[in-house]
Amino acid sequence: MEDIVGEIGKGFFRAIGYLLAEVFFWFICYWTGWPVCKIITLGKYPKPKRADQWGQEQNSGLWCCLLGLAVWIVIGLYLLGAFS
């Protein structure tokens, strides 16, 4: 019985961690990186979402998310005093 509860608990916490990572990366990092991308590229990137010839959306926001993650890392390092 302990094994079943332990496995359910691990699965539950793994799902919570996955959701938090998804929300942080695709929501917070995107909206942090979006204005930075717009400023750096003078408004040309990110392009609006569009579907390709097979009807699948192309996600051009990955670079915004990565840039937003870099911004958050720099902010964290600054607050920890790494730049002083």
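User: What do buried and exposed mean here?

Analyst: Buried means under 20% relative accessible area, exposed means over 50%, and partly exposed lies in between (1.4 Å probe, protein chains only). This is a predicted model, where local features need pLDDT of at least 70, side-chain atom pairs count only at pLDDT 80 or more, and totals for chains, interfaces and linings use all residues. Residues are numbered from 1 along each chain as its sequence is written, and side-chain values use heavy atoms, without hydrogens and water.

User: Why is Leu 42 called exposed?

Analyst: Its relative accessibility is 75%. The cut-off is over 50%, so Leu 42 counts as exposed. Leu 42 sits in the loop between α1 and α2.

User: Why is Cys 64 called buried?

Analyst: Cys 64 has 0% relative accessibility. Buried needs under 20%, so Cys 64 counts as buried.

User: How do you know that Cys 64 is in no disulfide?

Analyst: A disulfide is a pair of cysteine sulfur atoms within 2.5 Å. A search of the whole structure finds zero disulfides. For Cys 64, the nearest cysteine sulfur is that of Cys 37, 3.3 Å away. For Cys 65, the nearest is that of Cys 29, 6.7 Å away.

User: Why is Cys 65 called buried?

Analyst: The relative accessible area of Cys 65 is 0%. That meets the cut-off of under 20%, so Cys 65 is buried.

Methods:
Helix = DSSP H or I, 4+ residues; strand = E, 2+ residues; numbered from the N terminus.
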